[in-house]
Amino acid sequence: MIHLENVSKVYKNGTNALNNISLDIEDGEFVYFIGETGSGKSTLIRLLDGEEVPTKGKVIVNGTNVGRLRFSKVPLYRRKIGVVFQDYQLLKNKTVFGNIAFALEVTNMTKKEVSQRVREVLHIIDLDNEIRNYPTQLSGGQQQRVVIGRAIANRPGLLICDEPTGNLDPRHSKEIIELLQKINDGGTTVIVVTHDEALVENYRKRTILLDNGRIISDNAQGGYSHV
């Protein structure tokens, strides 16, 4: 699924964000990336979604050399992955249905197919009864569920979540991580970047610790106590 080979990233201002990273993530894995601010986590996400290209090395996702994609091909590539951010970025003038359907409008699906898929997604994220509500009518946890629903609408093989529980209380954080586990159980590879120590301890998965652009530890048992 994901293969990083001797990847380094140096920005134009001289910031050395990643230093000779090598990493493999198999299909269907659930992986946490943890580390202090500036450790390289955000840069890693940008490399995986094609927003940035490596200065050195290879970034391979599903057989695609992401760093060598033509600029015109990046949007098509991004349809194959889902990305969830801490700030919800929902369209306030669209309902829950409309926000999820928006992700499918660039596909060749018919309106009937879009409607069917949106309802499938609403069932997965447990928001069937909120279909006509607008983002301002939802709780923070519900809004994040809609964001996740929009990200999985195209059935991506890879779902990347950047601090998905950062704005949520412990109860809603628990609901979000359990939803991500449910999506992972369906075969989607899930990457979660987080500072939430409680989640990493309570829902143990493979945990990779970054520091100063390097992988310090990579433990299949998970948990902060193991890194």
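**Helix 1 and its cover**

I listed the buried residues of helix 1 and got Lys-41, Thr-43, Leu-44, Ile-45, Leu-47 and Leu-48. Buried here means under 20% relative accessible area, exposed is over 50%, and partly exposed is in between (1.4 Å probe, protein chains only). The helix spans residues 41-48 and is mostly covered, with six of its eight residues buried. Just past the end of helix 1, I noted that Gly-50 has a positive phi of about 85°.

**Ground rules**

This is a predicted model, where local features need pLDDT of at least 70, side-chain atom pairs count only at pLDDT 80 or more, and totals for chains, interfaces and linings use all residues. Numbering runs from 1 along each chain as its sequence is written, and side-chain values use heavy atoms, leaving out hydrogens and water.

**Overall numbers**

I counted seven helices and ten strands in the protein; these are DSSP runs numbered from the N terminus (helices H or I, at least four residues; strands E, at least two). The radius of gyration is 17 Å, which agrees with the value near 17 Å for a compact globule of 227 residues (taken over C-alpha atoms; the rule is 2.2 Å times the number of residues to the power 0.38). Along the principal axes, the C-alpha atoms fill a box of roughly 45 × 40 × 30 Å. Of the 227 residues, 48% count as buried. I also checked contacts (heavy atoms within 4.5 Å): among those between residues at least 6 apart in sequence, 68% join residues at least 24 apart.

I traced an open, antiparallel sheet of four strands in the order 2-1-4-5. Its edges are strand 2 (16-25) and strand 5 (64-65), each pairing on one side only. Two strands pair if DSSP finds at least two bridges between them; strand 1 (residues 2-10) has six to strand 2, running antiparallel. One I looked up by name goes from Lys-9 to Leu-18 in strand 2.

**Positive phi away from glycine**

Asp-126 has a positive phi of about 60° and sits in the loop between helix 4 (111-124) and helix 5 (140-152). Asp-126 is exposed, at 56% relative accessible area. Arg-155 has a positive phi of about 55°, in the loop between helix 5 and strand 7 (158-162). Arg-155 is exposed too, at 54%.
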